[in-house]
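The points may be read alongside the sequence and the model.

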Amino acid sequence: MQRHLISAADLTRDDAVLILDTAEEMARVADRPIKKLPTLRGRTIVNLFFEDSTRTRISFEAAEKRLSADVINFTAKGSSVSKGESLKDTAQTLEAMGVDAVVIRHGASGAPYRLATSGWIDAAVINAGDGTHQHPTQALLDAFTMRRRLVGRDAGIGQDLSGKRITIVGDILHSRVARSNVDLLHTLGAEVTLVAPPTLVPVGVETWPCEVAYDLDSTLAKSDAVMMLRVQRERMNAAFFPTEREYSRRYGLDGDRMARMPEHAIVMHPGPMVRGMEITAEVADSDRCTVVEQVANGVSIRMAVLYLLLGGAVVDSKKVPAVSPTRIEEK
């Protein structure tokens, strides 16, 4: 693994499998009475969030605290950013405080890359979502959830998602989750199909390592996992479809459509869900829906990423094996 985690496309297959395997070890910590490891004791991590977030911010904070790190939460509202302070000045302020890692979410695509390569700060940078570009830890937790459900918790150790068919449905145009998942799932050997209205398919999608379809019903029977995306109205500046009812009729997942999926197939959603539009309450509350699992798995994945970037000696996954939490604790 590299020093920073900016894009899912930066991960090799070995890197991705190493993170997934390490997350399995970290998941065992959640089953214990005391959910703590001393791995990052004495390290300081800043959660630098310029955009609103619930799941991602709390997930990162939980992961950091379970690894015994000192955590500083920064939000743009109520900070000097609201007075006009630049990203550079904010970064240099953090550098002066001696932080070891920055978890950044920003509305501008490329902001985490800029922070990591500018020389403003000498700390590991983890992208928690930038504009419509990337959200690598979301893709990792999605892949982790798929591997557990489709391959098996123990059988999946060391395995990728070769041969699995994943369908991603909805607002592809504005979705960093879709872009990250296409990159990572392709790296892990899965076959990805994007399904969306033509107006919500990005220009240049033909260069992506995936297929594109416009009819949801034609893809359901051959899908191992169907990931529904939220329509991101806050990023829209035009009318991309006639009405919500029309969108739901063509691209929403209800009980009838879920019944056409293979029996082993799962339904995923990165959240927050808009019930009644892209997904019905019947589907969202079914046993095949993994939304709650994804939240729990997100903590394990983020613990694994933080451990590998800050706490372990793992630089090249081919040369240095992952150290299990039990071995860490014994030391």
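The numbered points below take up the basis of the values, then the cores, then the salt bridges.

1. This is a predicted model, in which local features need pLDDT of at least 70 and side-chain atom pairs count only at pLDDT 80 or more, while totals for chains, interfaces and linings use all residues. Residues are numbered from 1 along each chain as its sequence is written, and side-chain values use heavy atoms, with hydrogens and water left out.

2. The largest nonpolar core holds 84 residues. A nonpolar core here is a set of buried Ala, Val, Leu, Ile, Met, Phe, Trp, Tyr and Cys residues joined through side-chain atoms within 4.5 Å; buried means under 20% relative accessible area, exposed over 50%, and partly exposed in between (1.4 Å probe, protein chains only). The members that touch the most others are Ile168, Leu184, Leu194 and Ile301. Helix α11 (residues 291–311) supplies the largest share of this core, 10 residues. Helices (H or I, at least four residues) and strands (E, at least two) are DSSP runs, numbered from the N terminus.

3. Apart from this core lies another, of 19 residues, including Ile6, Ala76, Val99 and Ala116. In soluble globular proteins, nonpolar side chains tend to be buried together.

4. Which residues does Leu194 touch, not counting those up to four places away in sequence? They are Ile168, Ile172, Val182, Val205, Trp208, Cys210, Glu211, Val212 and Ala213, contact meaning heavy atoms within 4.5 Å.

5. The count of salt bridges comes to 17, each being a side-chain nitrogen of Lys or Arg within 4 Å of a carboxyl oxygen of Asp or Glu. In one of them, Arg147 pairs with Asp21, with the closest N and O atoms 2.9 Å apart. This pair links distant parts of the chain, 126 residues apart: Arg147 belongs to helix α5 (residues 136–150) and Asp21 to helix α1 (residues 13–27). Both Arg147 and Asp21 are buried.

6. Arg176 and Glu51 also meet through their side chains in a salt bridge (3.2 Å, N to O). Arg176 lies in helix α6 (residues 176–187), and Glu51, 125 residues apart from it, in the loop between β1 (44–49) and α2 (55–66). Arg176 counts as buried because its relative accessibility is 9%.

7. A further salt bridge joins Arg249 to Glu246, the closest N and O atoms being 3.2 Å apart. Both residues lie in helix α8 (residues 244–251), 3 residues apart, about one turn of the helix. Arg249 is exposed, at a relative accessible area of 54%, and Glu246 is partly exposed, at 29%.
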